[in-house]
Amino acid sequence: MIGEEYKTLVRDCPIVAELAEGKEVFWINGKKKSFVDAIADCELSSADVRDASARLKRFAPYFMAAFPETRATGGIIESPLRAIPKMKEALEIEYRVEMNEQLYIKLDSHLAVSGSIKARGGIYEVLCVAEQIAMREGGLSLEDDYSVLHSEKYREIFSKYSIAVGSTGNLGLSIGIMSAKLGFRVTVHMSADAREWKKKMLRSKGVKVIEYAEDYSVAVENGRREAESDPTCHFVDDENSRTLFLGYAVAAERLAEQLSKEGIEISADYPLHVYLPCGVGGGPGGVAFGLKLAFGDNVHCYYAEPTHSPCMTLGMATGLHNKISVGDIGIDNKTIADGLAVGRASGFVGRFTEPFIDGCYTVKDERLSELLAMLWDSEDIRLEPSALAGVHGAVQRRDDRGLHLIWATGGSMVPPDELRKYYNEGKRVKGEKL
Ligand SMILES: *Cc1c(COP(=O)(O)O)cnc(C)c1O
């Protein structure tokens with residue numbers, strides 16, 4: 001972006017200058033609409049989410065057969081909801097604030113099969129592809145017990161097809177693990193920032209991993225191109241897929257059940273505030289959309305991003321969405337928050353969720369590290385850096401009445417020695433401040 005263009009952008013949208021300087025910002029969305037108005041001219045509906053939910057239920061017997069760790073939850077991949085009072089206390093002391101409302105965490109970090117929020121959307125999209133093929137070529141019908149898909153017959157059918165995806169790591173893990181288990185051939189195009197252990201784990205499961213020296217967008221573009229030339233290849237389009245989005249959205253009805261089991265009633269007097277770490281946008285956008293369908297105006301959703309990769313904040317604040325990248329304003333897109341290292345937001349998700357979202361904010365890497373160590377020490381919950389981005393929002397919005405929910409998006413697949421390094425870095429950062 002040349003000087004004059006940048007100046008005009010900053011004049012119209014001053015927050016851009018703060019983003020460019022790497023400052024932590026909190027942006028409130030002036031284009032948010034009431035739920036009734038927002039849903040009125042919306043291309044997806046609650047029927048679409050119900051359809052996704054029903055599909056996941058059909059696959060439950062398959063999961064119990066293929067992934068024994070899902071038996072405890074009846075083949076449904078769902079994460080725990082937990083109150084974190086000790087973390088709240090630690091935050092009050094560290095930041096010298098009072099937090100009078102309840103603080104909860106949603107542990108997608110501990111979802112079965114792939115250990116991150118990607119176990120929702122990523123797996124769901126692979127199931128959609130598998131179901132279609134199984135019906136067309138294997139005679140599967142809606143009423144069947146889907147555990148039959150865990151068989152040589154179906155593995156052979158699926159082996160004629162391939163799945164491709166571009167990823168910073170976690171989406172690759174979820175698509176790779178799920179596809180390989182069903183018997184698909186699968187290729188994951190990994191961006192430069194993807195961790196070595198993720199590539200190793202995928203290769204050990206028979207997944208083809210292609211590495212790039214460039215960032216996420218390049219990995220996705222190459223995956224897309226490769227798939228285009230092969231009619232038996234399905235490309236999972238993280239930037240545009242409605243299917244992924246709906247897989248994420250199912251989270252909300254499950255959360256609603258968990259809250260009511262805890263005896264918590266969300267209402268206009270006691271709303272829900274949710275803080276969602278955001279990369280390209282599909283995960284947090286899908287969850288937020290589901291939450292709006294479930295709770296309407298009684299839920300407030302925020303996207304959380306690292307200061308080094310604030311693509312959604314930039315896209316939404318300027319209204320340019322995927323027409324601008326963080327590189328355009330001189331930001332490097334280098335962050336310890338793997339899943340969030342995205343320089344250009346999804347055009348679909350940015351525009352689609354614009355009327356639903358309350359705001360976006362950014363967090364420094366050092367703060368993510370520090371919060372990681374604090375959550376580890378106070379609650380013995382171990383997350384990857386991305387998954388801490390939600391905490392900062394809950395601290396800043398602490399005076400808003402209601403329940404504050406941090407969406408913890410990943411961590412349980414991270415090898416223990418890597419986790420320990422994250423923790424040590426957090427302790428170092430915390431020590432420096434003292
Ligand atoms: C992918 C990911 C996100 C964000 O999801 P997007 O769909 O990319 O916005 C957040 N946290 C973690 C750990 C992730 O892997």
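Predicted model: local features only at pLDDT ≥ 70, side-chain atom pairs only at ≥ 80, totals over all residues.
Biologist: Into which domains is the protein chain divided?

Modeller: There are two entries in the division: domain 1 consists of 3–44 + 67–113 + 245–430, and domain 2 covers 118–240.

Biologist: What separates their centres?

Modeller: Taken over C-alpha atoms, the centres of domain 1 and domain 2 are 26 Å apart.

Biologist: And how many residues are in contact between domain 1 and domain 2?

Modeller: The contact involves 30 residues of domain 1 and 24 residues of domain 2.

Biologist: Let us turn to the sheets. What is the strand order in the open sheet of 4 strands?

Modeller: The order is β6-β5-β4-β7, and the pairing is parallel. At the edges are β6 (208–211) and β7 (233–236), each of which pairs on one side only. From one strand to the next, the twist averages 20°.

Biologist: How many bridges join β4 and β5?

Modeller: Strand β4 (residues 162–167) pairs with strand β5 (residues 185–190) over 6 bridges, in the parallel sense. Within this pair, G166 stands opposite H189 in β5.

Biologist: Which strands does helix α9 lie across?

Modeller: Helix α9, residues 170–182, lies across β4, β5 and β7. The helix runs at about 165° to β4.

Biologist: What about the sheet of 7 strands: what is its order?

Modeller: That open sheet has the order β1-β10-β9-β8-β11-β3-β2, with mixed pairing. Its edge strands are β1 (26–28) and β2 (81–83), and each pairs on one side only. On average, neighbouring strands of this sheet are turned by 25° against each other, direction ignored.

Biologist: In which sense do β9 and β10 pair?

Modeller: Strand β9 (residues 299–306) and strand β10 (residues 359–363) pair in the parallel sense, over 5 bridges. Here E305 stands opposite T362 in β10.

Biologist: Now the ligand. Which residues come nearest?

Modeller: There are 16 residues around the ligand, and K118, N170, G281, G283 and T409 come nearest.

Biologist: Which ligand atom is 2.7 Å from the side chain of N170?

Modeller: An oxygen atom of the ligand is at that distance from an N or O atom in the N170 side chain. For G281, a backbone N or O atom lies 2.7 Å from an oxygen atom of the ligand. In the case of T409, a polar side-chain atom lies 2.7 Å from a nitrogen atom of the ligand.

Biologist: How much of the ligand's accessible area does the protein cover?

Modeller: On its own, the ligand has 380 Å² of accessible area, and the protein covers 99% of this.

Key: Residues numbered from 1 in each chain as written. Heavy atoms only, no water. Pairing = 2+ DSSP bridges. Helix = DSSP H or I, 4+ residues; strand = E, 2+ residues; numbered from the N terminus. Axes fitted to C-alpha atoms, helices over the stretch in contact; angles between N-to-C directions. Contact = heavy atoms within 4.5 Å. Near = heavy atom within 4 Å. Polar contact = N/O pair within 3.5 Å; in protein donor to acceptor, adjacent residues only side chain to side chain. Areas by Shrake-Rupley, 256 points an atom, 1.4 Å probe, with all protein chains shown as cover. Domains from an automatic or database assignment.
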